[in-house]
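Here is a short briefing on one model. It runs from surface and overall shape down to single residues.

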Amino acid sequence: MPAIPMDQPTTEAVAGHLGPAAIRFTHIDGAVPVLEPDVRDSTAIVTGFGPTNAPTAGTLSVMLGAVELQRRLRAPMTVIVSDLGAWNSRNVAWSTLVQVRDQMIAFLVALGLDREATELRSHLDHANLVRAGRIARYLSRADFQEHRESLLELYSDHGLLGSEVGVVTDSLYTVADVLGPFDHGAKHVLMVSGMEEAYFTDLARLVLDRQANAGELGLGWTGNIGALYFRVLEGLAGYPKMSKSIPASSIHLNMAPDEVAARVMSDDRDSQPALLSAIELASGWDAAGTAAAREAFAGRDAQPGPWREVRAEFCETFNRYATLWKQCAS
């Protein structure tokens, strides 16, 4: 079924399972049954990150959300830093991917990810590469053309994509990631990602269904896949998303404090909604702090001072995360 915005009953159902973490998600796709306490023992969570550059505020928001979700659900989690996938789908040097991969893994742990309950790995994983080879038989070229990244054309226009085959290979590895828990006996998988990555869920379901109907050519996997999609953090300067691949759209953790301040304190009108979203999702502030930020944002035209003060405070917060990121470099 397609992902849909969470209506009131669904919001209440998800909030009952996730508590305050529910506000991070805007779309749901069959996730409520997967979140039920009576199936929790056979449920696994899957999420991941691309190591093409330092985390933007958008990526940071998802990282903080993953840590929060793990603490709330207390379910096994797989977190993939997709080095080999990114190598195939983006024009980034391998040495850069390796450096960012290792730093990102250390940073996730520093943010509070529980290593005991988490399979934290990259795509240089023998089991996943074998799984990708095994599931390829269930997918066609038409499947990958129908189910693909919504921002593919934008990335292509900026010269950021690898080859067509490379993009498909990246998708295949990630679909194998989503299906990994079934290889280890799980019956339910909760896919957690940005809405622009919903196509991975669709492809994984195709494989799950087709192998189940393949008779002796099946893999013996049974179960279902639910998905929760994080609220997308809008990009600065009017871009649809904060992307590490489009520098003008984002602030990221490799920036110096004065660089962060230049973008956060800018009065560019197209950037202001994105800055409020960054404060709501990537600051770690409590409910009172984010409510005060929303109030200052709403009144910024009549009284610009409070909104400027809020942005200055966010600069300090973001720079603390930036310091932690830099400390995680090997």
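The accessible surface of the protein comes to about 14,400 Å² (Shrake-Rupley method, 1.4 Å probe; for residues, only the protein chains shown count as cover). Carbon and sulfur atoms hold 53% of that surface. This is a predicted model: local features need pLDDT of at least 70, side-chain atom pairs count only at pLDDT 80 or more, and totals for chains, interfaces and linings use all residues. Residues are numbered from 1 along each chain as its sequence is written, and side-chain values use heavy atoms, with hydrogens and water left out.

**Overall shape**
- The protein has 330 residues and a radius of gyration of 20 Å, which agrees with the value near 20 Å for a compact globule of that length.
- That radius is taken over C-alpha atoms, and the globule rule is 2.2 Å times the number of residues to the power 0.38.
- Along its principal axes, the C-alpha trace spans about 70 × 45 × 35 Å.

**Fold and packing**
- The secondary structure comes to 14 helices and 7 strands; these are DSSP runs numbered from the N terminus, with helices (H or I) of at least four residues and strands (E) of at least two.
- Of the 330 residues, 54% count as buried, meaning under 20% relative accessible area; exposed is over 50%, and partly exposed lies in between (1.4 Å probe, protein chains only).
- Contact means heavy atoms within 4.5 Å.
- Among contacts between residues at least 6 apart in sequence, 77% join residues at least 24 apart.

**Charges**
- There are 28 positive side chains (Lys and Arg) and 40 negative ones (Asp and Glu); His and the chain ends are not counted.
- The centres of the two sets lie 2 Å apart, with each charge placed at NZ of Lys, CZ of Arg, CG of Asp or CD of Glu.

**Cysteines**
- The structure holds 0 disulfides, a disulfide being a pair of cysteine sulfur atoms within 2.5 Å.
- C315 is buried because its relative accessible area is 7%.
- C328 is also buried, at 13%.

- S193 lies in strand β6, residues 188–194, and counts as buried at 4% relative accessibility.
- Leaving out residues up to four places away in sequence, S193 touches L228, Y229 and F230.
- L120 sits in strand β5, residues 118–122, and is buried, with a relative accessible area of 10%.
- With residues up to four places away in sequence again left out, L120 touches V79, I105, L108, V109, L113 and R115.
- L120 and S250 are 130 residues apart in sequence and 26 Å apart in space, C-alpha to C-alpha.
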